[in-house]
Amino acid sequence: FKLTKEELLEFQKCSTDIVYFVTKYCRFMTDAGRTTVDLRKFQKEILGELAEEEYKKILDDMGPVARDYILMASRQTGKTTTISAFFSWYLCFHTDRKLEIHANRQNTATQIVAKVKDVFRGLPFFLKPGIINAAAMGMKLDNGCQLLSQATTKTAQIGFTIHVLYADEFAHIPTNIVGDFWRSV
């Protein structure tokens with residue numbers, strides 16, 4: 001597949017400006033159907049902070065400026081929408097990365113994966129890598145990126161490299177497993 005000059009310029013702009021990518025190309029299910037949404041100021045700030053990268057000598061590669069990011073926000077403010085847009089952007093413009101979603105219940109983790117996949121599938125062809133496999137609990141892309149999910153457990157992801165971890169509802173992890181969970185991821 002060969003990009004046109006316009007598509008190449010859009011690809012480059014989207015790869016370096018996550019807010020542009022989300023506001024122009026990410027469509028979400030709303031009361032009005034699948035459409036782009038107007039991001040709130042705090043959502044733009046979250047996306048900008050999550051997407052900011054710098055060269056990391058120890059990795060000999062780019063890495064996040066904000067390695068640990070904790071978001072405490074009230075319910076129904078668009079957190080999952082924001083995270084699904086970030087994951088879609090990350091999957092499109094990185095290679096050989098593993099992204100993991102953990103939630104207090106597998107059903108919740110699966111719903112977040114479904115939202116990421118829905119955004120990803122709605123992107124124009126020229127922006128996204130090919131999908132090798134898409135299942136309820138994740139997907140694998142031809143650029144080497146993988147999206148996985150599971151319920152929070154004591155032994156989550158032991159032995160696996162995770163480049164981006166999203167721990168949903170972290171405050172609701174039972175106190176008797178939270179330490180073991182954090183060490184395992």
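The backbone oxygen of Ser84 sits 2.9 Å from a polar atom in the side chain of Ser88. That is a polar contact, meaning a pair of N or O atoms within 3.5 Å; within protein, one must be able to donate a hydrogen and the other to accept it, and residues adjacent in sequence count only if both atoms are side-chain atoms. This is a predicted model, where local features need pLDDT of at least 70, side-chain atom pairs count only at pLDDT 80 or more, and totals for chains, interfaces and linings use all residues. Residues are numbered from 1 along each chain as its sequence is written, and side-chain values use heavy atoms, with hydrogens and water left out.

Stay with Ser88. This residue belongs to helix α4, residues 79-93. Helices are DSSP runs of H or I with at least four residues, strands are runs of E with at least two, and both are numbered from the N terminus. Ser88 counts as buried because its relative accessibility is 0%. Buried means under 20% relative accessible area, exposed over 50%, and partly exposed in between (1.4 Å probe, protein chains only). What does Ser88 touch, leaving aside its neighbours within four places in sequence? Its contacts (heavy atoms within 4.5 Å) are Phe21, Val116, Val119 and Phe120.

Now turn to the loops. Most residues other than glycine have a negative phi. Asp60 has a positive phi, near 55°. Its loop runs between β3 (53-56) and β4 (61-64). With a relative accessible area of 57%, Asp60 is exposed.

Glu169 is not a glycine either, yet its phi is positive, at about 55°. Glu169 lies in the loop between β9 (164-167) and α6 (175-184). Its relative accessibility is 32%, so Glu169 counts as partly exposed.
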